[in-house]
Each structure stands twice: as C-alpha cells, then as structure tokens.
Amino acid sequence: MATADGPAGASAAAGVSVAGIDFSRTGRQLGYGQVVHSDNVYDGSVIPVPVAVLSSGAGPTVLLVAGTHGDEYEGQILLHELIRSVDPHRLTGTLIMVPSANYAAVLAGSRVSPVDQGNLNRSYPGDACGAPTGQVAHLISRGLLPRADVVVDLHSGGTNSIYVPSMFLYRGPDEALWAQKVAAARSMALPYTMVVPPRLEPGSLSTAGDDAGILTLSTELGGGGTVDRGVLARARDGLAALLASTGVMPLAGTDESCVPVSAPVRPETVWIELVDGSAVTTTAGGLFEPLVDLGQRVLAGDEVGRVHFVDELERQPKVFHASVDGVVAIIRRPTLVRPGCHLAQVAPLCAEPEL
Ligand SMILES: [Zn+2]
C-alpha cells in the first residue's frame, strides 16, 4: 500500500519515464509517454501516450486507463472530465490518468492500432523494444502500474457490441484481492456487476494487475461506437463513488468535492455471471435481427435473434436461442454477420459473493 514516499512499487517503475511528468511532485502535471516507431507518418517523431498526474502527495495512488480500445468512448470522456475538473490539492494521494492509452487507435476510432494492428488488451506485459502497441503495454505495466494501489481499466462494447453498463469483474487472483474487488463493485454500484472467469483474456491489463497483486478493476460501459448519456451519467457517479471508497478523493456532491453527482441515490448493482453457454453464436452468415433487448430477462430456449440469408430469397431465416436463463448482457451491434459471430451473451443472475 501507499507510504509517505509513494506506492510500494514506485521504485520498480523508476526506469520508465513519461515526458513532462515528475512523479515526486505534487499538483497537476500533463505529459506523455513516447512510443518510438518509424513509418511514413511517425518517422522522426513519436506516438504520444497522454498521461495526467494529479497529486497532493501522500496517500493512495489510483491508475485510471481508458482508450485501450480506440472505439470505446465513455471512459475516455470521463477521464478527460476528471483531468480538467479535479483540484489535485483536494485529493489525498494521486490520480494517474491515461485517457487515450492506444492513442493511434483512438485517433482512428478503431479497436486495434492502425499502426501495427495491435490489441493493447492482449499485449501485456508488453515489450519496450517491440511493436508500438507492445511499447504502450510496457509503459503502463512497468512504468505506471507498479506505482498504483488500485487500477481501473475503463472499457465499453466498442463498435461491435453493446453491454449492459457493468463492472467486469475477473474472479481471483486470491481471496484477499477478490474480497477487495467485490467491495469495490458494491461501491461503484453500476447497474450490473458481471463476474467472469479468472484470466479470461491473457495479455489484458486486468491479468497484469492480478499477476502483480494490485487491486485491478475493469468496466464495460455501453458501447456501439457511441456514447449513451444515461450510461455516461451512471458511470460518472459510479467512478466518483469508487474513487471516494479508495480514500483518494472526497465523496462526490460533498462540500470538499469538486466532482458533481447526477443521482445521489443509486440502486444496488445486480450480480450476473458469464458462463459456458452464455454466448449465442451464429452458424449462418447474413443479416442479424435481434429478437431481444439489452437487459431483458430470458429463459433457456427463448429466441434471441435470427439471421436472414441475403442470397437465398426463398429460405427462412435461421433462429438462434438462449442456452441458459439470464440477462441479455451483450448484444452484437453491426447487422451483417458471418458464421462464428456472437449475436448476444446471456448472463445468469448470480448471488452476491459473501465476504
Ligand atoms: Zn475494450
């Protein structure tokens, strides 16, 4: 945990620098990590990774990351707001914010980097001498993550899917950290908390954080390649509550806070779980017509969607069904599908974990 000299891992991160940032200083600092790459666009320059550090000195350090996938926008907007609005001297500790982690992907509105096709959330722990996306992963996992007591990785569904607004909670890595994750999910109180298997995505920031023994949380906030105002408001309130629970920021809406709150009373989060059988996957290519809405409760056997055949005018569409009872937690966004696309994911309700 944090000490008067900063997080315990800060010395381990000392070898990775961020231009314009002195991590021993207080106040607001805006800088950027430097990814080295040479092509027609970037030769003779660097690909920047914008980083903001807001610090009052001693206290916990929270690392907030968005723009890991460039077409996921709620987290990016929330971090830009925090960077502009939070008075660092009202903090107790430090916020490190990376609003556009895969900067080239953000500028392209793309899930992966247009420079090397790299998926940042499959690239950890990264490589200082590797391709650009691997360099970003190295910067975050070796230069920023060791400084943090808590990591929050903000995702959304992106262009290809829409999620129910949820904390995306990886089980594990041990009882103590799992208990902290459950408590954090209660504090953030997004509409849903979606429990997923440990190490679901090798190479993710969540896996890197779990491996480092640091409390690491991730979210899925809507998606569809756009921003939903209701989801954004709920996520804004949830993030403020989560930060307050860490002790780094005063509770939103109080006299000490500089962060507004949209809805002072939020319902408790609904616990759901991604399981084998959640995915409803098409075996046909064509036009996907959803037959359910996001957040709808369905039973195993219910029709979830159907796929119309573009070239076979006499053929009936193929219907796909839920395999489990649960909440429609994710729906595919683009209408055009090919065999193997997940049309939806149905997440069963699960009991709130006991601590
Ligand atoms: Zn993502």
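Ala104 lies in helix α2, helices being DSSP runs of H or I with at least four residues, numbered from the N terminus. The model is predicted: local features require pLDDT of at least 70 and side-chain atom pairs count only at pLDDT 80 or more, whereas totals for chains, interfaces and linings use all residues. Residues are numbered from 1 along each chain as its sequence is written.

Ala104 counts as buried because 25 C-beta neighbours lie inside 10 Å. In this scheme a residue is buried if 20 or more other C-beta atoms lie within 10 Å of its own, exposed if 12 or fewer, and partly exposed in between, with C-beta atoms placed from the backbone. Apart from neighbours within four places in sequence, Ala104 is in contact with Ile47, Ser113, Pro114, Val115 and Pro132; contact requires the C-beta atoms of two residues, placed from the backbone, to lie within 7 Å.

Gly109 is found in the loop between α2 (103-108) and α3 (132-144). With 13 other C-beta atoms within 10 Å, Gly109 is partly exposed. Beyond four places in sequence, the contacts of Gly109 are with Gly70 and Asp71. A C-alpha separation of 9.3 Å is found between Gly109 and Tyr73, which are 36 residues apart along the chain.

Helix α1 (residues 74-85) packs with helix α6 (residues 229-246) at an angle of about 50°, and their axes are 10 Å apart. Axes are lines fitted to C-alpha atoms, for helices over the stretch in contact, and angles run from 0 to 180 degrees between N-to-C directions. The angle therefore makes α1 oblique to α6, the class left after roughly parallel (under 35 degrees), roughly antiparallel (over 145) and roughly perpendicular (65 to 115). In the contact, Glu74, Ile77 and Leu78 of α1 meet Val231, Leu232, Ala235, Arg236 and Leu239 of α6. These residues comprise six nonpolar, no polar and two charged; Ala, Val, Leu, Ile, Met, Phe, Trp, Tyr, Cys and Pro count as nonpolar, Asp, Glu, Lys and Arg as charged, and the others, Gly among them, as polar.

Helix α6 is mostly covered, with 13 of its 18 residues buried. Gly247, which follows α6, has a positive phi near 95°.

Notes
Helices (H or I, at least four residues) and strands (E, at least two) are DSSP runs, numbered from the N terminus.
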